[in-house]
Amino acid sequence: MNRKTIGLAGVVALMLSAVAFGGEPQWQNLPGANSDFKPGSLKLPLVVTERSGVARRGAVVTSGVPFPPGFLPDVGRLAVVDKDGKPVVSQATAMLTWHKPAYDDSAQWALVSFVADVDANATATYYLTDDGKSAPPASALKATRDEKAITVATGAAKFTIPLEGASLIGRAEIGGDDVLGDAGVVGRVTAGDWPDRTLKAGDVQTTTHVAEGVAVEESGPARVVVAIKGGFKPGDKEGGSYGFTARLYFAAGSPQVRLIYTVGNCRLDPTLHDTGNGRKGRLAYIWPMQDASLLVSLAGAEKAKATTLADGKTVSADGLAVIQSTLDGCKVTGDGRELATGKRHEGVIDLAGGGRGLAVTRRHFAEEWPGALEAKGGMIRVGLLPAESNETYCLNHGQRKSWDLLLTPHGAETPDLAALHNQADALLLFRPDPVWMVRAGGLTGAWSAGLALADAPAKVSMRRRPARASGPSKGGVGGSDGWDRFGVISSWNAGGAHWNENTAFSRWLQYGDGAEFDNSEIPTLWAADACPIQFDHPDYDACWPYVGYGSAEHTRMKVLTYPGYKNRCTWGLPDTGHMGMWMWLEYYQLTGDMRAREAAEHLGQMARGYLWRYTHDEKKDGTGALTGGQFRDFKRRDPDAEPGFKLDRRYIGWPLYCLAQYYQLTGDAAVLDEARIIARAFRNTARACPIGQLVAEPAGKNGTEVTEYSATFGFPNGNGGVASQVREWPKSASLVQSNFYSGIVIYGLREYYLVSHDVEALDTLVGQIDRFCHYSMIHDPQDQPAGWSYIFADYWGPYTWEDATNPKTGKSAAGFTGSNELVCDAIARIYPLSGRADLMDILKLARKANGTNTRTISVTMAVAYPKQDQTPPAAVKDLSAESAGAGSVRLTWTAPGGDGQEGQAAWYQVKYSPAKIVERVAGWPDRTEPLPGTRAEWFERANAFNAKQRSFWAAFNVEGEPDPAAAGTKQTMTVEGLAPGHYNFALKSWDRDMNISDVSNVVEVTVK
């Protein structure tokens, strides 16, 4: 009886209510030209921002654009025009989809690329159209594939990518002349000593790939992206080694190719081996490297001249070598002598001779030290992990390391190396109109971290300041540098001191803060490589459960390392208490960078594996996860059939969030089903407590049974943290949890609800509004809402200002800031889905306390631009019920309007319960003596209370409600499949703006 998902009509009502394209805006004061935001007549401003100080002419710019459900069924309808309405070369590729069955498979995000002109340090505006009529002009960019190679002609150059072998690029032709030598572009790893794997120091391993590893990921008139995946030969005694991915980006009219080269330890041995103690498991290896380089040969240029920059000055010689040994120490040598020293090398070098040449630029060269550049004898070597540093490198299992390079083949004229460095250093991006981003992204959930409109500050920085060797620089990134540290936010854990749990790029989207983009991009990409989750084909039950405990020993997995191995894993796993990692999906949506998407997918796989113990049965053939100890038996659970199956805490809430995002990325129906199991287990938890506290088990007397927080409350310690203060409270069992835990669970439930429209999840979200706004909210001496304490217990509170006040300092622990930012933001995320008027007063107080803090960005949006339609349907007053025999009940009522008694409602929610159904329960906790002192006694007391009354959200849903008719129309429905007994029925109605009515009159009926 309680399985229910809103149908497609409800989906349309829900999503288009928040973003009503083609009609009046649904959010008060939201600016923007609505006529430009209609399907079929879109004219969306795209602002191109040049941040590197280099004028761009005919440059291809790429960014993502979100769309609301149903708006864009075909990305082929998109085109870009200039300010005069003239089409420019453009293309669009679907990135994410609004998946069926909840939606219609229309585009959620499209990656748009087009040719633009923009002056140095300036902006230029183009417009995105969707009428299917603005055909782009012809482009010379073409990609063709035959049995041996992919050929990409850009109009300024022609490149050949062999389908097998060592070369990543085989040929690069300028004006018909091949710039590259016979070897082309090749990756190389020099091994360190590992006798057990028959590796000797100095053994050279070379990139190798086959045709199946080469794919054209994008192909259009503006840009082509080719991905090459392979490994290194000969490898160890069994052919094992690191793998690589090379992504090549080609642009219309450009002779350049951007190369993102990634070396990764992403493969697990597919065979089960003896791992000791009578166990069999998967093996992972960590191999030693003395050098990792890219080699680029230049055709006919054995006597070519090399040129580089050193502290902005040009240095030339027959042969040059550059080494960046520390962040503030580089040296350039050539012709047998030292030519220059300095602090930071620009990471650009050119080799030219015989009327042809090639320049190579490596992004963040100095900050990712050590690095080397060498050009001589017709060869450029890019030392990514250079032997010159005299150390052994390694990548932990599940880790990667990426480098971003720009290759510029040219004729006789040497390019401006400073301009090349500047061009490579800052991505050329566009920003869609911020109003569109809020309406089409933030309000629909397509930008899952939330968005808000905000005025730009007086001064907006276009570039970040470079990091310093010690301590963070103002506007820089962290205080760390080096290939394995540059980008680290904190050494605490992969949660990054919560940096990953709020939007990272909102200021860029709002008003073009380029410094924030850079400051967020660097740790985003670093974390995407450094977090050891990047497995190509993980076993969910045998491999991934270890993420909950951070140890391979807890799974059928064993890691083998070389002698003298040094752990290079700066961060550990994104543990289940800090799995937000919103920045990966944000960066992918903004740039289309597949490294970020892969990281987001792997995070979803990690979450899926951690939750596998609830969603799948254990393998009994000895190949599944190890059980016992910290692990439970793996068993697929049915939360509808097992009301006692309850989950709680952020350690499940964040994985649910990541699992829902994984479904958003993949559309895999099995993943959605797994998320449903977890979400409905949260529902069971909320239903068990009369006021919806999301705690599965109560703590007993004096808190000795479950948690240290049972008799302890948090008070601000004056340093931004929380100090514990033990106080005497009633000696009774209680549900105890930090308030922000429930806030994180709300994040997970909302993300699941937005991809599923499972009304059971919506019920739980509404229940959390009640809990935060009406039960755990603390009021000050003037009876004004004052926020929440760090923790809350249903029996102990704190309920009053006095309860929440530190007896030693007289300072209250109640507030809207600190960890409670998560609670405020979670409430704001429910606001568009509920239309509850009681939320706005709370959100206004939260906004006042938090200002424009990006951790509460949804609060900012809700308060600044509240829902325009805040009038819910009228409550039904004439609901009647009669037994219809054979376990059925016939309900009859008069349809309300969509706004009070006006208009028409969108959908009904009918509930039943053996207990009395009320809007909101009263009388919990039941303080009748003796108070419950144990878990069993608490549940006995709660069950007795639930048998007498239930809040509407906690009652049970029925199926098959009719669509609402015109106001005043009599409507009926029959509820079937009821067991004999006494039932209460009630209903609420929702309008198209997701405003919910008050509860109807409650009717009682006996089924025989």
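This is a predicted model: local features need pLDDT of at least 70, side-chain atom pairs count only at pLDDT 80 or more; totals for chains, interfaces and linings use all residues.
The largest pocket holds about 840 Å³ of space. Its lining is made of 37 residues, and those closest to the pocket centre are Arg56, Val60, Ala251, Gln256 and Gln423. Several elements give two or more residues to this lining: the strands S2 (56-66), S17 (243-251), S18 (257-264) and S31 (400-410), together with the helices H2 (417-425) and H6 (582-591). Strand S2 supplies the largest share, 7 residues. By residue type, the lining of the largest pocket divides into 22 nonpolar, 8 polar and 7 charged residues.

Strand S41 covers residues 888-894 and is joined to S40 by 5 bridges. Within this antiparallel pair, Ser880 stands opposite Thr892 in S41.

The cysteines come next. The structure holds 0 disulfides. For Cys824, the closest cysteine sulfur belongs to Cys773, but at 9.8 Å from the sulfur of Cys824 it is too far for a bond. Cys824 is also buried, because its relative accessible area is 1%, under the 20% limit for that class. Cys266 is likewise buried, with a relative accessible area of 10%.

Pro101 sits in the loop between strand S4 (90-97) and strand S5 (107-118). Another cis peptide bond joins Trp369 and Pro370, where omega is about -5 degrees. The loop that holds Pro370 runs between strand S28 (356-362) and strand S29 (371-376).

Positive phi values are the last topic. Asn121 is a residue other than glycine, yet its phi is positive, near 55 degrees. It is found in the loop between S5 and strand S6 (123-129). Asn121 counts as exposed, because its relative accessibility is 57% and the class begins over 50%. Arg649 is not a glycine either, and its phi is positive at about 75 degrees. The loop between helix H7 (594-615) and helix H8 (650-666) contains Arg649. With a relative accessible area of 31%, Arg649 is partly exposed.

Note on methods
Residues are numbered from 1 along each chain as its sequence is written. Side-chain values use heavy atoms; hydrogens and water are left out. Two strands pair if DSSP finds at least two bridges between them. Helices (H or I, at least four residues) and strands (E, at least two) are DSSP runs, numbered from the N terminus. A disulfide is a pair of cysteine sulfur atoms within 2.5 Å. Buried means under 20% relative accessible area, exposed over 50%, partly exposed in between (1.4 Å probe, protein chains only). On a 1 Å grid over the protein atoms alone, a cavity is a set of points where a 1.4 Å probe fits but cannot get out, and a pocket is an open set with protein on both sides within 12 Å along at least five of seven lines; lining residues have an atom within 4 Å of a point. Grid points are joined across faces, edges and corners, and a volume is the space filled by probe spheres set on the points. Ala, Val, Leu, Ile, Met, Phe, Trp, Tyr, Cys and Pro count as nonpolar, Asp, Glu, Lys and Arg as charged, and the others, Gly among them, as polar.
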